[in-house]
Amino acid sequence: MTTAEAVNRPAMAVPKKASARQRSMIGARNRRGAWLFLAPFGIFYLAFLLGPTVWMLISSFFNTSTVRPGLGSFAGFANYAEMLTRADFWSAMWHTLQFTIYTVPPLVMVAFVFAVLTNRVRRGQWFFRLAFFLPFILPSATISLIWVFIFTPGSGLWATIVSWFGVAPGAGVLGDPNTAMIGIAIATLWWTLGFNFVLYLAGLQEIPRDLYEAAAVDGATAWGQIRYITIPMLSRTTTLVILLQIIASLKIFDQVYLMTAGGPGISTQVALGLITNTGFTDNRIGAASAASVLLFIVIVAIAVIRQLFDRSAARKAA
Amino acid sequence: MVAHRPSSLTRRSFLTGGIAAAGTLALAGCTSPLAAGLVGSPLNPQQLIFWNLFGGGDGSRMQTMEAGYTKVHGAGSLQATVFAWGNPYYSKLTLATVGNKPPDVAISHLTRAKPLYDGDVLEPITEADLASVGLSSSDFNPKTWAAQKTDGKNIAIPLDTHPLVMFFNQDVCSKAGLIDSAGKLKPLDNMDAFESALAAISKITGGAAITVANVSETATPWRVFTTLYHQINGVTPFISDNGSKLTVDKDAFTEVVTRLQSWVKKGWLNKGLDYAGAQTLMFTGKAGFYLEGEWEITTAQSIKGLKFGMVPVPTLYDTPAAQADSHTFVLPRKDRTPEQRKQAMGFIKSMLDQSLTWAKGGHIPAYLPTLDSKAYKALEPQADYASAAKHAVYDAPAWYGGSGSTFENTVGAQLGLAQQLAITPQGALSAITDQLQVYLNTPSPL
């Protein structure tokens with residue numbers, strides 16, 4: 001979207017100027033060129049994002065089936081009514097939120113701390129960059145296998161370490177309804193920390209060194225420098241990281257599907273898991289679409305609330 | 001030319017040439033995996049793609065049978081893929097077929113084949129198909145064959161029947177005086193005889209007499225309940241009209257669940273055991289009986305020093321019955337040439353011919369030439385429970401029903417809780433009614 005605006009804006013602005021026909025011709029040619037360059041991305045965007053989204057909105061009002069062509073019979077708001085009255089829908093929504101609450105604060109704070117520490121390293125910084133970022137390039141299937149291994153009840157790494165401290169391992173972290181989500185959150189923390197870490201590290205390297213020098217001359221402590229220089233200078237990065245992280249956490253699916261399949265019972269079933277089950281196991285794309293629209297509304301609402309919160313904070317600061 | 005004027009290789013001509021070269025590569029290399037992936041053609045048209053869901057003992061037996069096929073047809077003739085059991089498998093099979101990339105042959109549970117057929121995912125199998133590889137409908141166990149018929153069409157070719165059976169510990173039962181002089185379990189075909197047997201075993205073990213897994217396990221409570229429920233004369237199916245009506249006989253439901261709870265209260269039946277725990281108790285002589293599908297024979301045989309036997313679940317009420325399902329071969333919908341159709345049927349025939357290998361894993365063959373063979377009848381303890389297939393009760397057809405389905409999970413969970421004495425029979429029934437409501441009210445999406 002940003003790209004499209006950036007390219008189109010000069011072209012649109014040109015005809016306003018009373019220059020000549022020639023200029024508007026150049027504008028038209030530019031515009032055509034811009035569209036040509038946008039086309040490859042645009043087609044994918046239409047075919048795989050906008051198209052399905054519109055289809056989702058429409059089919060949520062129908063009894064659409066996965067295995068039948070067409071929309072099926074008209075359902076009105078029945079799919080929405082069904083979802084809003086289903087206990088397992090609300091529990092899946094709560095688990096999604098629960099996962100977001102468990103993962104966003106540590107993923108932002110730990111990434112920040114590690115980025116600051118890495119930035120202070122003079123030699124071999126590449127090693128730390130690599131070490132923190134490496135898990136991020138692994139596919140979700142791999143990290144799930146690794147952590148299911150670690151959390152194996154009885155004989156796993158986790159159970160072994162816990163038993164040194166005299167705690168009986170029991171059903172294992174993922175086998176207990178009270179700890180299964182925490183286990184998934186820990187695996188996710190290890191996996192996706194690297195992304196936020198790299199964003200913070202890039203932000204840190206853009207802060208001019210002379211600010212720190214000036215502060216040091218004025219006798220600021222290391223903590224004071226972080227508190228009054230690093231954190232304020234990184235506020236834009238933090239805004240971005242938090243927003244991306246919230247959205248990523250609300251979209252949680254892979255780890256849950258692969259590590260617990262929503263279990264034990266439905267104690268870790270998340271919204272996307274419920275949507276997948278409804279759409280592809282029960283073959284009810286219509287009902288699954290309604291659930292997707294509801295999740296979409298929640299994600300947009302959270303993003304907007306965050307944006308408003310940020311804007312008011314910025315106004316206060318100004 | 002290039003040698004004379006090197007500058008003539010402009011970026012444009014380079015790119016054009018590159019695209020042309022790539023195109024030639026794609027056309028020429030129909031057998032290369034890259035080209036096949038780009039145009040969506042099969043990687044190796046001669047190769048038969050087979051999907052199944054067998055792990056554990058079943059998985060290794062199926063691999064033996066697949067090896068039997070490739071021995072005759074060559075190493076590259078078969079690509080077999082194993083997927084995780086249950087709902088994920090059927091979702092994959094459905095989506096692959098809707099997406100026009102189905103396997104040539106797939107395994108399906110009989111109770112899951114019906115919803116797949118309703119969803120237009122399966123092709124019916126004609127008598128001509130069967131005849132093309134020397135099969136006919138009279139080659140199959142009539143009960144199983146009748147169970148797969150849907151709207152007068154054959155939708156699946158059954159490989160086996162796998163009923164719920166009763167495992168017993170030979171040592172414990174002989175101490176309790178339940179073994180006759182021939183070393184077989186004495187008949188226990190009425191409630192009084194069975195309950196006094198439970199009491200006798202309980203005295204020997206000093207605790208449980210019979211085990212049924214009910215913690216983190218929903219299928220087993222459902223299997224046990226259905227078996228006993230259908231032993232009562234004249235009961236209606238649990239659900240009917242393709243899952244749109246709850247037609248369970250409430251009195252029979254209450255009778256069966258109350259009876260099971262009374263066994264728990266007397267200490268005969270375990271209150272809470274998971275799948276492995278329920279086995280272990282019987283295998284280690286801490287219980288005499290254990291109810292589960294016959295496939296657990298592989299596990300039981302692997303226990304050193306365990307002497308065990310298997311019999312059909314005794315008829316405690318009016319008529320013999322055993323909850324069961326069948327593994328079947330199905331043909332997912334796709335464009336096939338007559339040769340490809342015959343190839344698929346040939347594969348199925350080859351698997352059926354090796355039914356004896358399959359039967360060693362406990363399953364009762366559906367293929368009569370194997371079922372009636374001397375070799376099968378000599379298999380112990382398989383022959384002792386083979387009659388259970390005659391009284392097989394399949395789950396009532398429903399678009400959300402069948403083995404490992406949403407229906408079994410929902411009902412089985414409540415039955416498991418009832419066995420834990422956490423809820424009354426009435427409480428279980430009303431929870432089941434509530435939780436199934438969404439599915440009962442929703443028209444089938446198939």
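Reply: In this predicted model, the C-alpha centres of domain 1 and domain 2 of chain A lie 38 Å apart. Domain 1 of chain A covers residues 2–49, while domain 2 of chain A covers residues 78–317.

As for secondary structure, chain A contains 14 helices and zero strands, and reading from the N terminus its elements are accordingly written α-α-α-α-α-α-α-α-α-α-α-α-α-α. The radius of gyration of chain A is 25 Å, which is well over the 20 Å that the globule rule gives for 318 residues, so chain A is more spread out than a compact globule. Along its principal axes, the C-alpha trace of chain A spans about 85 × 75 × 35 Å. Of the 318 residues in chain A, 26% are buried, and among the contacts between residues at least 6 apart in sequence, 65% join residues at least 24 apart.

One helix of chain A deserves a separate word. Helix 9 of chain A, residues 209–217, has nine residues, of which the number buried is zero, so this helix lies largely in the open. Helix 9 of chain A is followed by A:Gly219, whose phi is positive, near 85 degrees.

Chain A also touches its partner: 12 residues of chain A are in contact with 15 residues of chain B. On the side of chain A that touches chain B, there are three nonpolar, five polar and four charged residues.

Turning to chain B, five of its strands form an open sheet with mixed pairing, in the order 2-1-3-14-6. The edges of this sheet are strand 2 (78–82) and strand 6 (157–158) of chain B, each of which pairs on one side only. Within the sheet, strand 3 (residues 105–109) and strand 14 (residues 327–330) of chain B pair in the antiparallel sense over four bridges, and B:Ala106 has B:Val330 of strand 14 as its bridge partner. Helix 14 of chain B, residues 338–353, lies across strand 1 (48–52), strand 3, strand 6 and strand 14 of chain B, and it runs at about 50 degrees to strand 1 of chain B.

Some backbone details of chain B are worth checking in the loops. Most residues other than glycine have a negative phi, and most peptide bonds are trans. Against that background, B:Asp120 has a positive phi, near 65 degrees, and is found in the loop between helix 5 (110–118) and helix 6 (127–132) of chain B. B:Asp120 has 15 C-beta neighbours inside 10 Å and therefore counts as partly exposed, given that a residue is buried at 20 or more such neighbours and exposed at 12 or fewer. B:Asn242 likewise has a positive phi, near 55 degrees, and lies in the loop between strand 9 (239–240) and strand 10 (245–246) of chain B; because B:Asn242 has 18 C-beta neighbours inside 10 Å, it too counts as partly exposed. Finally, the peptide bond from B:Glu380 to B:Pro381 is cis, with omega near 0 degrees, and B:Pro381 lies in the loop between helix 17 (374–377) and helix 18 (382–385) of chain B.

Key: Residues are numbered from 1 along each chain as its sequence is written. Chains are lettered from A and ligands numbered from 1 in the order in which they are written. This is a predicted model: local features need pLDDT of at least 70, side-chain atom pairs count only at pLDDT 80 or more; totals for chains, interfaces and linings use all residues. Helices (H or I, at least four residues) and strands (E, at least two) are DSSP runs, numbered from the N terminus. Domain bounds come from an automatic or database domain assignment. The radius of gyration is taken over C-alpha atoms; the globule rule is 2.2 Å times the number of residues to the power 0.38. Two residues are in contact if their C-beta atoms, placed from the backbone, lie within 7 Å. Ala, Val, Leu, Ile, Met, Phe, Trp, Tyr, Cys and Pro count as nonpolar, Asp, Glu, Lys and Arg as charged, and the others, Gly among them, as polar. Two strands pair if DSSP finds at least two bridges between them. Axes are lines fitted to C-alpha atoms, for helices over the stretch in contact, and angles run from 0 to 180 degrees between N-to-C directions.
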